[in-house]
Amino acid sequence: MKNNLVKPNERVDDLQNGFYVIQDPQKFCFGMDAVLLSGFTRVKKGETVLDMGTGTGVIPILLRERTEAGHLTGLEIQQECAEMANRSVTYNGLESDITIVQGDIKEAAEIFGAASFHVVTCNPPYMIGTHGLTNPHLPKAIARHEVLCTLEDVVSQASRVLTDRGRFYMVHRPFRLAEIMNTLTKYKLEPKRMQLVYPFIDREPNMVLIEALKGGNPRLTVERPLIVYESPGVYTKSILELYKLI
């Protein structure tokens with residue numbers, strides 16, 4: 001029965017937690033940033049969660065195993081991705097725990113209503129304008145470049161769908177950190193936690209994880225740096241623990 005859920009061009013990846021995700025390697029597969037974001041996100045028992053731009057649906061699936069969320073929803077604009085994520089939900093037997101909705105992040109508040117979620121997560125497109133080369137393969141370009149939505153679209157809609165004192169979690173690139181902080185505070189999402197991610201201990205950070213609180217007071221905690229590799233190809237203990245490989 002499960003084999004009927006996987007198309008010939010797709011593969012099933014083991015998430016090492018009892019769950020699996022269906023992916024098409026010719027399009028866009030999830031990366032470490034999604035895993036880091038799911039590990040950084042805090043969800044209390046019974047809380048509702050929205051993952052904006054869910055792609056393969058990996059973040060809701062990871063959060064289902066790591067938290068006691070009441071219900072998780074993934075919002076994805078690309079029909080093929082949303083359909084594939086839905087098949088991953090079915091593959092894992094999580095239909096009662098996770099809902100995948102096809103729709104535009106820019107219309108999240110219209111789709112779900114204001115103050116509908118306790119937690120919002122997002123692994124948004126990082127690149128703007130001419131930053132980097134626009135990928136000619138549209139699904140990858142949409143995932144990596146602000147083709148269909150901007151940082152302001154993501155933050156403004158997250159603020160609208162969050163309950164008062166709700167929490168927003170995002171992974172992004174440090175080179176946009178000033179813009180990120182300004183945009184969060186513009187929409188009443190106060191940055192509360194931040195963690196920089198370094199590929200190696202002697203390199204510049206290439207990712208930043210941020211938690212913001214809707215209606216929170218100004219006070220930011222910067223957590224200890226997260227180092228990915230001890231040496232080329234060798235993960236640090238922190239990353240191995242996150243991937244549950246030790």
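Entry 1. Overview.
I take helices as DSSP runs of H or I with at least four residues and strands as E runs with at least two, both numbered from the N terminus. I am working on a predicted model. On that basis I find eight helices and 13 strands in the protein. The chain has 246 residues, and 52% of them are buried. I then looked up the contacts between residues at least 6 apart in sequence: 70% of these join residues at least 24 apart.

Entry 2. Arg203.
I looked up where Arg203 sits, and found it in the loop between S8 and strand S9 (207–214). Is Arg203 buried, exposed or partly exposed? Its relative accessible area is 49%. Exposed requires over 50% and buried under 20%, so Arg203 is noted as partly exposed. I also checked Arg203 against Ile227, which is 24 residues away along the chain; their C-alpha atoms are separated by 9.6 Å.

Entry 3. Positive phi.
I turned to backbone angles, since most residues other than glycine have a negative phi. Arg165 is not a glycine, yet its phi is positive, at about 70°. I place Arg165 in strand S7, which covers residues 162–172. Its relative accessibility is 45%, so I list Arg165 as partly exposed.
Lys188 is another non-glycine residue with a positive phi, in this case near 60°. I find Lys188 in the loop between H7 and S8. With 60% relative accessibility, Lys188 goes down as exposed.

Entry 4. H1 against H2.
For a packed pair of helices I note the angle between the axes and the distance between them. Helix H1 spans residues 32–40 and helix H2 residues 58–66; they pack at about 35°, and their axes are 9 Å apart. Which residues make the contact? From H1 I list Ala34, Val35, Leu37, Ser38 and Gly39, and from H2 Val58, Ile59, Leu62, Leu63 and Arg66. Sorted by class, the contact of H1 with H2 has seven nonpolar, two polar and one charged residues. As for handedness, H1 passes H2 in a right-handed crossing.

Entry 5. H6 against H7.
The crossing of H6 past H7 is right-handed. On the H6 side I find Leu151, Glu152 and Val155, which meet Glu179, Ile180, Thr183, Leu184 and Lys186 of H7. The class count for the contact of H6 with H7 is four nonpolar, one polar and three charged residues.

Entry 6. The second largest pocket.
Rolling a probe the size of a water molecule over the atoms shows where empty space is left. I looked up the second largest pocket and noted a volume of about 260 Å³. What lines the second largest pocket? I list Leu36, Gly39, Phe40, Arg193, Gln195, Leu209, Glu223, Arg224, Leu226, Ser238, Glu241 and Leu242. Which elements each supply at least two residues of this lining? I find H1, strand S8 (189–198) and helix H8 (237–242). By class, I count five nonpolar, three polar and four charged residues in the lining.

Definitions and conventions. Residues numbered from 1 in each chain as written. Predicted model: local features only at pLDDT ≥ 70, side-chain atom pairs only at ≥ 80, totals over all residues. Heavy atoms only, no water. Axes fitted to C-alpha atoms, helices over the stretch in contact; angles between N-to-C directions. Left-handed = near helix turned anticlockwise from the far one by under 90°. Contact = heavy atoms within 4.5 Å. Nonpolar A, V, L, I, M, F, W, Y, C, P; charged D, E, K, R; others polar. 1 Å grid on protein atoms, 1.4 Å probe; cavity = no way out; pocket = protein on both sides within 12 Å on 5 of 7 lines; lining within 4 Å. Points joined across faces, edges and corners; volume = space filled by probe spheres on them. Buried < 20%, exposed > 50% of the residue type's maximum accessible area, 1.4 Å probe, protein only.
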